[in-house]
Amino acid sequence: MMKRTISAMIGKGSTTHNNRDFIAENVDEERTKNNITFCNEDIKAVYHELFDEALEKYNAKQTRKDRVIDDYYEKIRTGKQEKLFHEIILQIGDKDNMSAGSENGELAKKILDKYMQGFQERNPNLRVFSAHIHMDEATPHLHIDFVPFTTGSKRGLETRVSLKKALEAQGFVGKGKSDTEWNRWVESEKEKLAEVMLEHGIEWEQKGEHREHLSVLEYKREQRTQELAELTELTQEKAAEAAALDKQIERTKQKKVNIESIDKIEVKPVMLSPSRISLEKTDYETLSTAAKKYYAQEKKESKLQKLLDAANRKIDELKAVISSLREQVASLTGELSKYKSVRNRLNSANLEQENERLQKKVRTYEEVISENKLWHLFGKVRGKTHTRDDAR
């Protein structure tokens, strides 16, 4: 099976270049007609569509004029916190093995086209306003320009520009500088592109990775299976912790205050003050100690119960995640089976093509032999014995 790399680069976001409003030196104008434009919207109109309602609500709450935002597009354009939009450029292979104008280049165009069809649905928080496949440069590639946005924000506009929050809303949470939301999202999009490639008989070549021999789906299934095992182990630990807390609460409940000693305490009315009573000092100390023990017991029992409730909630959460992971593993297993079937069919088709090519060669050789009357040199060929008469 053919193997190709996947490149995913951060683009400069030159929409005039992408739209071919001007032609760069590396562009072959004769092939520009082969480009595909998926969308080409005015970014300012997109900003109005996404943010006008939230901007109106925000401005209505402001009591100070200097906090009113007249134009959200201009605020982001001139500000330093967020970019107006972002661009990703995707490419399969390189100019040596997937060059534009070649048969492989047309295949790359077909794959990138299908990949792009599902991009917006997969990424609801990335509003695509410009997307193009370029076939007029050395290698086919796809430019996607989008505005990332988040909703339900408690600071500033309810709906606002934010790449980090947009990707988090889609489930990509970073864990550091080398493991960002963007990196995780890009890797996921590469996997989606690799799935489309696999449908067309191309396997993702992941250079420099020890898992190069695994297909994308096999790797994903292995990852989910490993996560499933880790979460199952964690759930068992939490269950053991909950059982221990339960026993501790039971032991605490069993430590009853000595009610019998309290019942034996005699109270005496205070002369000239019927609303008051008097106790012997030892009886007072007994009652005071019992009250303190009861308070401490109640406090401990309450604390343990809170810990138990938290542990049980965590167990329920883990069980839900485990259930989801099991579904993902089952789904990936099904997809893997389907793609292996596709791969087998492709291999079979390739073998048939190779067989047909060899048969054509054989027929060509036979024609040459017949034309030159050389069959007598080959003896038994194709199930019959050729004689001198055949040679004549």
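D145 is buried yet forms no salt bridge, and the nearest side chain of opposite charge, K83, lies 8.5 Å away. This comes from a predicted model. Elsewhere, a search of the whole structure finds 15 salt bridges.

**Surroundings of D145**

- Leaving aside neighbours within four places in sequence, D145 contacts G13, T15, N18, F85, H86, E87, R127, V128, F129 and S130.
- K83 does not form a salt bridge with D145, because the 8.5 Å between the two side chains exceeds the 4 Å limit for such a pair.

- Strand 5 is mostly covered, with 9 of its 9 residues buried.
- Strand 5 pairs with strand 6 in the antiparallel sense over 8 bridges, and a hairpin of 6 residues joins the two.
- Within this pairing, V147 in strand 6 is the bridge partner of R127.
- Strand 3 also pairs with strand 5 in the antiparallel sense, over 4 bridges, and N40 stands opposite S130 of strand 5.

**Nonpolar cores**

- The largest nonpolar core holds 35 residues, of which I144, F146, W185 and L193 touch the most other members.
- Helix 7 makes the greatest contribution to the core, with 7 residues.
- Not counting residues up to four places away in sequence, I144 touches H86, E87, I88, L90, Y115, M116, F119, V128, S130 and A131.
- A second, separate core comprises 19 residues, among them Y58, I69, Y72 and Y73.

**Salt bridges**

- R77 and E74 form a salt bridge whose closest N and O atoms are 2.8 Å apart; both residues lie in helix 3 (residues 72-78), 3 residues apart, about one turn of the helix.
- R77 is partly exposed, with a relative accessible area of 46%, and E74 is partly exposed at 26%.
- K114 and E199 meet in a salt bridge at 2.6 Å, N to O, and this pair links distant parts of the chain, with K114 in helix 4 and E199 in helix 7, 85 residues apart.
- K114 is partly exposed, with a relative accessible area of 44%, and E199 is partly exposed at 28%.
- K95 and D96 form a salt bridge at 3.7 Å, N to O, and both residues are exposed.
- A network of salt bridges links K164, K165, E168 and E181.

Definitions and conventions: Residues numbered from 1 in each chain as written. Predicted model: local features only at pLDDT ≥ 70, side-chain atom pairs only at ≥ 80, totals over all residues. Heavy atoms only, no water. Core = buried A, V, L, I, M, F, W, Y, C linked by side-chain atoms within 4.5 Å. Buried < 20%, exposed > 50% of the residue type's maximum accessible area, 1.4 Å probe, protein only. Contact = heavy atoms within 4.5 Å. Lys, Arg positive; Asp, Glu negative; His and termini not counted. Pairing = 2+ DSSP bridges.
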